Amino acid sequence: MPGLGLTMVQAEEKKTLKVAMECSYAPYNWTQPDDSNGAVPISGSSDYAYGYDVMMAKKICDELGYDLEIVKLDWDSLVPAVQSGKVDCVIAGQSITSERQQMVDFTEPYYYASIITLVKSDGDYADAKSVADLKGVTCTSQQNTIWYDSCLPQIEDANILPAQESAPAMLVALESGKCDAVVTDMPTGMAACVAYPDFKLLDFSGTDGDFEVSDEDINIGISVQKGNTELLDALNSVLDKMTEDDYKEMMDEAISVQPLSE
Amino acid sequence: MLPETFWGRIQYLLQQYGSSFLSGAGNTMIIAIVGTFLGCLIGFIVGIIQTIPVDKRDSAVKKTLVGFLKFIMACYVEFFRGTPMMVQAMFIYYGSAYLFNINMSMWFAAFFVVSINTGAYMAETVRGGILSVDEGQTEAAKAIGMTHVQTMMNVILPQALRNIMPQIGNNLIINIKDTCVLSIIGIVELFYTTKGVAGAYYTYFESFTIAMVMYFILTFVCSRLLRLLEHKMEGPQNYDLATTDTLAHTSGLYSYPKKKEEK
Amino acid sequence: MLPETFWGRIQYLLQQYGSSFLSGAGNTMIIAIVGTFLGCLIGFIVGIIQTIPVDKRDSAVKKTLVGFLKFIMACYVEFFRGTPMMVQAMFIYYGSAYLFNINMSMWFAAFFVVSINTGAYMAETVRGGILSVDEGQTEAAKAIGMTHVQTMMNVILPQALRNIMPQIGNNLIINIKDTCVLSIIGIVELFYTTKGVAGAYYTYFESFTIAMVMYFILTFVCSRLLRLLEHKMEGPQNYDLATTDTLAHTSGLYSYPKKKEEK
Amino acid sequence: MMSEKILEVKHLGKAFGSNQVLRDIDFSVSPGDVTCIIGPSGSGKSTLLRCLNMLETPSTGEINYHGTDITSKNVNVPEYRSKVGMVFQNFNLFNNMTALKNCTVGQVKVLKKSKEEAEKKALYYLEKVGMAPYINAKPKQLSGGQKQRVAIARALAMEPEILLFDEPTSALDPQMVGEVLEVMRDLAHEGLTMIIVTHEMAFARDVSKRVIFMANGVIVEDRPPKELFENPKDLLTKDFLSRFRNA
Amino acid sequence: MMSEKILEVKHLGKAFGSNQVLRDIDFSVSPGDVTCIIGPSGSGKSTLLRCLNMLETPSTGEINYHGTDITSKNVNVPEYRSKVGMVFQNFNLFNNMTALKNCTVGQVKVLKKSKEEAEKKALYYLEKVGMAPYINAKPKQLSGGQKQRVAIARALAMEPEILLFDEPTSALDPQMVGEVLEVMRDLAHEGLTMIIVTHEMAFARDVSKRVIFMANGVIVEDRPPKELFENPKDLLTKDFLSRFRNA
Ligand SMILES: Nc1ncnc2c1ncn2[C@@H]1O[C@H](COP(=O)(O)OP(=O)(O)OP(=O)(O)O)[C@@H](O)[C@H]1O
Ligand SMILES: Nc1ncnc2c1ncn2[C@@H]1O[C@H](COP(=O)(O)OP(=O)(O)OP(=O)(O)O)[C@@H](O)[C@H]1O
Ligand SMILES: [Mg+2]
Ligand SMILES: [Mg+2]
């Protein structure tokens, strides 16, 4: 396409979708030094971004005929960026909650995450089969997540440490022995087990002993500026055509190409 | 439900999270004040050591010893000043548990990291302060037989202190704001509280407005208190004549003829 | 695959992300150096304004004007020093777009925020520096008819500069480390690069070890360069006699009898 | 014309807190006058000079310069000061400048002279006080007497209308004192007005047209030197001068 | 016993860079001696005193104090300095202390005296120089002469074995000079050894046992005052003293 004068003009008229994400949360989004696997350049940087969120962004842009621009932003600035219009949407694994929906508009979920628990394989809780078995555990999770705010309190007598600011920091706390368990979602947990071979992933889903959460709470969505119904509808129109299995397939691919898996 | 307006939301957040903000601010201040205080002490000690004079006449033992001490101090300053406090906190808190199985308390780690960092900055500040005191003062102190430490403690540092008070204020304020990196080891101070509130409702502008005002109040009060202290340290503008006979002695004190008569 | 050992992983990360780390470090240094430089300028200007003497003899207009200027400066210092740079960056960058629809460039915002913050700290540092210069110097400058600005520019600030050089070093180093908060507006500097690497491989300790070493190298080089500059500013230890007849004039210069004979 | 007063001090007073250092000082100076101020240590001589230069703000009274009260509002003090030179008791050389720069900076910045012109003038006066070889030295590299001489040259190089000297020869040996005195005498002949605080009674007696004796912050006597030294009226003056006359 | 030298300076030299300030200085002082050093400004008098006190490290030569060379290694310099008092040309009072504290701090910290004892002694000497009423003043609140007197009292209060004075009366009026001289004379009678740099020739002539005339960094003459003043050998000395003798 590029190279011809005509298409250049057309390309300029084409709308650019500015998507913000952290680019530091594999397998959702990460930074890599080259464009292998179809990674997208990060705006204003020599690095590239890839991951589930980027794949989703690419898919959306393909469907809608937009150009894609990935903006790497700190977690705390994702919302101000979209609210102020500096970016068009945020695809960064944000959980959809009713509180948040008052300040931004969320699309339909673009991934259905399940909740898992990480422990050390040589630790006291390696054989836990249910939430009840975690009784008295010292645990933590990420700040402002359903895992920290509503899962951890379900563990009996849990010693809940202050919330961690990011997934890697949370894993450091577990690795160093400052806590015995962390609660997070499946993709993160799987990545963590690659990075830290001495971790064990406990998945209680489907059993009676699972964390009790509403479906609504664990789903992650794309956020746009409040009132930007035009874009919201366009995004939803893409997501509507996709099924849960499509998501799972995409996530599997993301996990398989994430730097840790190479 | 969140109110519609910006100010409305701020009020709502304050109602909901007011006490969290206050306890966060409390933690911030405790760490900042303790850290600054200990940091100043460290800075003064390093300053004294770094200015020990060595002379070619000194014995080899003394020269090596002093040289070694100064080297250690320089390493300390360059290392702690030169690397991010967050990373230090992480290594000290998690690293000590991981590598040596030391279970340091979160608060101990916090005080330790902040003090040791402030100390590294203060060491340089104190060096500047010592430079700023007239050399004649050192000479006079030495001339009456004071050792280096006595000279520093009695003459130079009290004068340097006055010149670096504004900088101590700066450092306290930097600490008030920089303790936020301690969230990495789980200290819930003002900034981390704010992030929590902001992330829960996606009210970043509103929450950070609250934080900004609170930070401003904390730092402003501190800076004014330090200014007061500074003025107090200056001492009285005028002195009282140590005589009962004020009329005769007001200014020129032309009193020596009297003494002559005594003879 | 990630290597098994700590050092192996560090090497691997360096191979993979070496250029990212370098470009992050480059961004860090550009912002820190420009910010510190502009900040120092601002600090000196504020220092000059804050020390304008007002006298009860001055006209009401001048008094109000100077008072107003000083008040503005005090507000500036207290506000920017007193609130977190991250929040300022957020408000300035996003707020300007949100409220006034100004599309500021990320880099402009970065330089602006860092300079204005450094300036606020430097203002206090400069105040300390000015305090440290003997009052006699100001008096002598005034006595030959210099205005306040001339006195400051020619006599006081050059002397104060020497005393605050260590502090300027501190500020540069603080800036090198504190630019990391600019990731809030999308500046990918060293710290943010590190977070990205840590998040891609979940290799927190390894990535931050690399960052720590890089920060250390950057700050160490800067601090040594500044020390060199400081030594250079001190000027030569000794002076040359301005005479061709060195033998006759070496020390006491007992030359005036000669002049007498001229008469 | 020439009899018009250049400086007229009226009821000048100065207090530091409760310490009344100067009280009701009255005197005036005509163009070309050489006035010496003598008095015991702490009697307020330096403070008086500093008031004349507005380095201390007088508590009461006025200082008229060609008829304008410079303690009043709306007076351009820097401009006034550029016409009134001062040699400080403790020299106060600019520490960041060489001896030469000390003597040129005022000319260049305040009098807006060119650098060459300023240096020529500075060298001329530095030469006069025997400091020409030391133009590249910084103040801290100079001996006490050398500093004092640079301070004198600095004040002279500004070529002011009035010069206030605060013990200008205290750090000099008799030989050098003689040199400096000659320079000052020449200047007096050229019409420069000088007020000189000094402890050298011989100097006061030989150089000045008028001697002011101060004690306890007041002017005790203000008379021509011959009268004052030979026939002091006040007991304080008598006592003060006794040592000198016995010597 | 008493004839043993207290200080013996041999081949002392001092250079600042290429500027050779002192050259081959030789002299010695016996207990109770009062030695005056005179010479033109910049001849190295202050530098010599500063070398004696090890405030400047001599470039060459030795300084023997009771036979030990204090410029050699392993000498406890602070202890030596506590026995050698010094009054600086520019006073160097401790700016952060009152006049009284200036005179007690050395006694308390160095000589380990009690605070009461130190204050008693300090007051005694402050009284002697007429500064008793000013004990609460900070240096910057004092006049030049007042500072100088506190500096003298500070040095005396340490009751050292030798006292080095660098122009101790430069800022004082003749009356006060007389007072200070009397104090010094008393001390000389009590056996205190003094080395005094001065520009007051009368003082040198009347007080000292021996006068050293320095010029260009060397000792030109070193003789009893009577001989030196009445019959100077060297041309330089003659010239230097001419002004004084004419006066
Ligand atoms: N800044 C000040 N604060 C308080 N008192 C002061 C201040 N400056 C001077 N004084 C007092 O004012 C009096 C007069 O001081 P001044 O310096 O005018 O004396 P002087 O006549 O010049 O004496 P000298 O001959 O010793 O220099 C002294 O008693 C001194 O202590
Ligand atoms: N720190 C220094 N660096 C370079 N030269 C110096 C230094 N100190 C003194 N000098 C030079 O050494 C010479 C002797 O100085 P010194 O202070 O000993 O003179 P002095 O005899 O005390 O003179 P005065 O009577 O004027 O006080 C002078 O020419 C001076 O310029
Ligand atoms: Mg005076
Ligand atoms: Mg001298």
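The second largest pocket in this predicted model has a volume of about 1500 Å³. Its lining comprises 50 residues, and those closest to the pocket centre are D:Glu200, D:Ala202, E:Glu200, E:Ala202 and E:Phe244. Chain D contributes two or more lining residues from each of helix H6 (174–189), helix H7 (201–207) and helix H9 (235–246). On chain E, the elements that do so are helix H6 (174–189), helix H7 (201–207), helix H8 (225–230) and helix H9 (235–246). By residue class, the lining of this pocket holds 22 nonpolar, 17 charged and 11 polar residues.

Attention now turns to the interface between chain C and chain B. Here, 46 residues of chain C are in contact with 46 residues of chain B. The two chains bury about 4500 Å² between them, and 64% of this area lies on carbon and sulfur atoms. C:Glu78, C:Phe205 and C:Met212 provide 14% of the area that chain C buries against chain B, more than any other three residues.

A salt bridge joins the side chains of B:Arg227 and C:Glu124, with an N to O distance of 3.1 Å.

The side of chain C that touches chain B draws at least two residues from each of helix H2 (60–82), helix H3 (85–100), helix H4 (106–132), helix H6 (148–178) and helix H8 (204–234). H8(C) gives the most, with 13 residues. This side of chain C divides into 22 nonpolar, 14 polar and 10 charged residues.

How values were computed. Residues numbered from 1 in each chain as written. Chains lettered and ligands numbered in written order. Predicted model: local features only at pLDDT ≥ 70, side-chain atom pairs only at ≥ 80, totals over all residues. Heavy atoms only, no water. 1 Å grid on protein atoms, 1.4 Å probe; cavity = no way out; pocket = protein on both sides within 12 Å on 5 of 7 lines; lining within 4 Å. Points joined across faces, edges and corners; volume = space filled by probe spheres on them. Helix = DSSP H or I, 4+ residues; strand = E, 2+ residues; numbered from the N terminus. Nonpolar A, V, L, I, M, F, W, Y, C, P; charged D, E, K, R; others polar. Contact = heavy atoms within 4.5 Å. Buried area = accessible area lost by both parts, 1.4 Å probe. Salt bridge = Lys/Arg side-chain N within 4 Å of Asp/Glu carboxyl O.
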